[in-house]
Amino acid sequence: MASAVTMAAYTIPQSKALRTSPALFAKSSVAGMPMMRRGSGRLSVRCDFIGSPTNLIMVASTSLMLFAGRFGLAPSANRKATAGLKLELRDSGLQTGDPAGFTLADTLACGTVGHIIGVGVVLGLKNIGAL
């Protein structure tokens, strides 16, 4: 009985996240329409993705890694690397229609490594302030 009384006395906290505060709006010069006040400017979004330096780095790193895998400059399912980093041919058992033997697994692996290299370059350049 005592627990029922304490539960009834407890109030659920109310969220005010979706309610608008009058302090967020300022009067604009256009027929009294409210205008949202901008933030402090710490975060910004740019809509220049195609052709941006970040996009060019990611496209170049992924393309170079796919090129290296396709033309035998990187290990793949059909070319394994030995202890001396020489590439040897082997039969992986994977089917492919590509004359060079580039499989779906090779495409996914080389694309992933290309993206990892690209992210490293982008974050490194952002860290030193060059991007």
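Student: Okay, Phe 71 first. Is it buried or exposed?

Tutor: Phe 71 is exposed, with a relative accessible area of 51%. Keep in mind that this is a predicted model.

Student: Why does 51% get called exposed?

Tutor: Because exposed means over 50% relative accessible area, and Phe 71 has 51%.

Student: Where does Phe 71 sit in the fold?

Tutor: Look in the loop between helix 2 (53-70) and strand 3 (79-81).

Student: Switching to Ser 61. Where is that one?

Tutor: Ser 61 is in helix 2.

Student: And is Ser 61 buried or exposed?

Tutor: Ser 61 is buried, with a relative accessible area of 12%. Buried means under 20%, so 12% qualifies.

Student: What does Ser 61 touch?

Tutor: Leaving out residues up to four places away in sequence, Ser 61 touches Gly 114, Ile 117 and Gly 118.

Student: What does the side chain of Ser 61 reach?

Tutor: The backbone oxygen of Met 58, at 3.2 Å.

Student: New topic: what's up with the phi of Leu 85?

Tutor: Leu 85 has a positive phi of about 60 degrees, although this residue is not a glycine.

Student: Where do I find Leu 85, and is it buried or exposed?

Tutor: Leu 85 is in the loop between strand 3 and strand 4 (87-89). Leu 85 is exposed, at 71% relative accessible area.

Note on methods:
Residues are numbered from 1 along each chain as its sequence is written. This is a predicted model: local features need pLDDT of at least 70, side-chain atom pairs count only at pLDDT 80 or more; totals for chains, interfaces and linings use all residues. Side-chain values use heavy atoms; hydrogens and water are left out. Helices (H or I, at least four residues) and strands (E, at least two) are DSSP runs, numbered from the N terminus. Buried means under 20% relative accessible area, exposed over 50%, partly exposed in between (1.4 Å probe, protein chains only). A polar contact is a pair of N or O atoms within 3.5 Å; within protein, one must be able to donate a hydrogen and the other to accept it, and residues adjacent in sequence count only if both atoms are side-chain atoms. Contact means heavy atoms within 4.5 Å.
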